[in-house]
Amino acid sequence: MLDAGKISIIVIIIIINGLFYKYFIKTYFVKRNMTGNQSAVVKNNGQLLKATQRLNARNLHVLNNKIYSISDFEAYFVGLIEGDGCFSITKKGIYLTYELSLEMSIRDIQLLYKLRKILGIGIVSPRKDRPDMANLRIKNKKHLKSIILPIFDKYPMLTNKEFTYQWFRKNLLDNVVNYDKLEAKGSVPLIYSSDKKSKDYKLTMERISVILSTKYFESWLVGFIEAEGCFSMYNSESINDKVISFSISQTNAYEVIEAIRIYLSITSNVNTDSTNNSEIKTESKRGIENVVKYLGQNRVKLLGYKRLQFILFLKAIRVTNRYNHINVPVNY
């Protein structure tokens, strides 16, 4: 027979073991399910989206240690899409296919996989007809509505691609599935002009002012540079030294390119060619210094192959006499 003292000790042990078991289940299995590869199941779609966003935000710096919040990532992503992405509605028989695609060099396929991991949606694949290119494609209409549209509604695009997005958005939300019901896209207004005598010049300047006052422009621009920026170095016989340059361009985007020029305090003018492609390019000491300072101090960093280009760009600056006054970041 057990006496009262022994019974008390056994009861205490059972209670302790029960508490430990409860703690173990809570801290190991629950935590593992919430932070593992599979998302937590939430019945309400709104709650599921919020939970997914929280997981993504928490995992961002685990993925790259460079983007620090979901807001920074979303603005960066919009800028990247404005450079190399496309919203499209295509005819498939009598039906329609909705798609957001991001096409980049095969060198950036790891960036595409990284974006897919952060977003939690989409398919990454090399192009069959062009093995030097790769795509991130998002076709699932539920994903487009619940994950993609909220990003682009919160951070509107700054180029004329915004008009295409609004057409895409309206037809998607109106659940247009038949080709004969598709609302016409309409023509994209091209009002910008760099000619001060033009009647459109005032409208152009107003639009540039709006772009520069956009709160997410700082993060957006990193994504746009990821897509459209170019860092280059070459030897110059005339000065017996390396010449380093930064350029960025896009077609039908004079206002955005001019806004970038002003934001980075680049003194060279925007050049627009016969195809309406606008470009700024700087080789000046001050211009290069401003680009390095902007990218070096920005909390959002380049993530793809352009990051490697920029690191090599910084390395060249360090050993080039012409630019030795520039304070080059030690790490990027």
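Two strands count as paired if DSSP finds at least two bridges between them, and strands themselves are DSSP runs of E with at least two residues, while helices are runs of H or I with at least four, all numbered from the N terminus. Keep that in mind for the tour.

**Before you start**

This is a predicted model, where local features need pLDDT of at least 70 and side-chain atom pairs count only at pLDDT 80 or more, while totals for chains, interfaces and linings use all residues. Residues are numbered from 1 along each chain as its sequence is written, and side-chain values use heavy atoms, with hydrogens and water left out.

**The whole protein**

Show everything as a cartoon: you are looking at 11 helices and eight strands. Of the 332 residues, 42% count as buried (under 20% relative accessible area, with exposed over 50% and partly exposed in between; 1.4 Å probe, protein chains only).

**Stop one: the hairpin**

Select residues 123-126, strand β3, and 133-138, strand β4. The two form a hairpin with six residues between them, and four bridges join them in the antiparallel sense. Which residue in β4 is the bridge partner of Ser-101? It is Arg-137, and Arg-137 is also the bridge partner of Ile-123. Five of the six residues in β4 are buried.

**Stop two: the core**

Next, select Leu-115, Ile-148, Phe-152, Ile-260 and Ile-317; in the largest nonpolar core, which has 82 residues, these touch the most other members. Such a core is a set of buried Ala, Val, Leu, Ile, Met, Phe, Trp, Tyr and Cys residues joined through side-chain atoms within 4.5 Å. Helix α3, residues 70-84, gives the most to this core, with eight residues.

Zoom in on Leu-115. Beyond its neighbours within four places in sequence, its contacts (heavy atoms within 4.5 Å) include Phe-73, Phe-77, Leu-102 and Leu-136.

**Stop three: the open sheet**

Finally, find the four strands in the order β5-β6-β8-β7, an open sheet with antiparallel pairing. Its edge strands are β5 (229-236) and β7 (271-272), each pairing on one side only. Select β6, residues 241-251, beside β5: eight bridges link this antiparallel pair, and Met-233 has Ile-244 in β6 as its bridge partner. Helix α11, residues 305-318, packs on the sheet and touches β5 and β6; its direction makes about 35° with that of β5 (axes are lines fitted to C-alpha atoms, for helices over the stretch in contact, and angles run from 0 to 180 degrees between N-to-C directions).
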